[in-house]
Amino acid sequence: SEGSPRSVRPRVVVNATGAGSVGSGYNQGLELGSTGSRISSGGGYISITGAAGPGASAGIYLADNGLISTPAAGGNILLSSDSISIDGTSSVNTTNLASIVQLTRNDFGTLINLGGADVTDSPVTLGLSDAELDRVQTANLSIGSGSGTGNLSITAPISHPNATNITLLPGAGGVSGFNVGTNISLAGTVSIPFGKLNAVMFSTDPDPFLRLKVAGSVNLTGTT
C-alpha cells in the first residue's frame, strides 16, 4: 500500500567510452587498472557497457587485481563490449548459485570468438580466451545475447576450473568453427537454447566432421 516500506536491492550501471586521440596511449572505455580497483553491489545487478577509444584500447579492461563482483545475496553481472580484457590477477565473480555473468558484444555485427583474441579491425571480433573465461567465477556463464548478425565461433579448446553452466547465445550466424577434438570441457552443462549449430564436413580431414564436442552435459533444445 502507499507509504509501505519496500526493500530495494541497489544496482550498479556504468556506461564508459574511451577518449583521447590516436597515438595518445591507451584509451580504455572502463579501466580497473589500479591495485585493488573494484566494482561491486550489495545484492543488485551490475551492468557495464564499455566502448574503446582509439589506439591499443579495450572497451572493458581489468588488471592489477581488478574485481567486479556481486555477493551471496544475489545479483547478475552484464559486461557488454566489443573488446574485453581480463588479466591474470583480475576476476569477475558471483557467489549466489542462481546469479549469471553475461559477456556480450556492443555492436550488432560484431563476431564472438571463444579461444581467440579481440580484433579491432574488420571483422570486429570480441575475443574471449580460455584463460580469460577461467577468471570469470560464476555458476552460470552466458556468452552473447542472441541478437545481431555475427556468429559465435569456438577456435580453441575451452575448459573451466569450476562447476559452471555455459549458455551460448549466438547471433543470426549461429555457432560454428569447431576444432577437431574436445571443444568445451567443464563440470556443468553447455546450452544452446536457439539458433543454428553449424556442422561442416571436410573430406580431406582425418576426422571428416568439424563438430561441437563437449566433455560434460549438453542441452541443444531449440537449436536448428
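**First stop: a parallel sheet**

Select Glu31 and look across to strand 5, where Tyr61 stands opposite Glu31. Strands here are DSSP runs of E with at least two residues, helices are runs of H or I with at least four residues, and both are numbered from the N terminus. Before going further, keep in mind that this is a predicted model, where local features need pLDDT of at least 70, side-chain atom pairs count only at pLDDT 80 or more, and totals for chains, interfaces and linings use all residues. Residues are numbered from 1 along each chain as its sequence is written, and side-chain values use heavy atoms, with hydrogens and water left out.

Now colour strand 5 (residues 60–62) together with strand 2: the two run parallel and are joined by 3 bridges. Two strands count as paired if DSSP finds at least two bridges between them.

Move on to the loop between strand 5 and strand 6 (67–70), where you will find Asp64. Asn65 lies in that loop between strand 5 and strand 6 too. Asn65 is not a glycine either, and has a positive phi of about 65 degrees. For background, most residues other than glycine have a negative phi. Asp64 is partly exposed at 36% relative accessible area, and Asn65 is partly exposed at 42%. (Buried means under 20% relative accessible area, exposed over 50%, partly exposed in between, using a 1.4 Å probe and protein chains only.)

**Then: Ser41 and its loop**

Buried or exposed: which is Ser41? Ser41 is buried, with a relative accessible area of 12%. Look for Ser41 in the loop between strand 3 (38–40) and strand 4 (46–51). Show the side chain of Ser41: it reaches the backbone nitrogen of Gly43 at 3.2 Å. A polar atom of that Ser41 side chain also lies 2.6 Å from the backbone oxygen of Gly44.

From here, select Val12, in strand 1 (residues 12–17). Leaving out residues up to four places away in sequence, Val12 touches Ile39, Ser40, Ser41, Tyr45, Ile46 and Ser47; a contact means heavy atoms within 4.5 Å.

**Last click, then zoom out**

Select Pro123, in the loop between strand 11 (111–114) and strand 12 (125–128). The peptide bond from Ser122 to Pro123 is cis, with omega near -5 degrees.

Finally, show the whole protein chain, which has 1 helix and 22 strands. Of its 224 residues, 43% count as buried.

Notes: A polar contact is a pair of N or O atoms within 3.5 Å; within protein, one must be able to donate a hydrogen and the other to accept it, and residues adjacent in sequence count only if both atoms are side-chain atoms.
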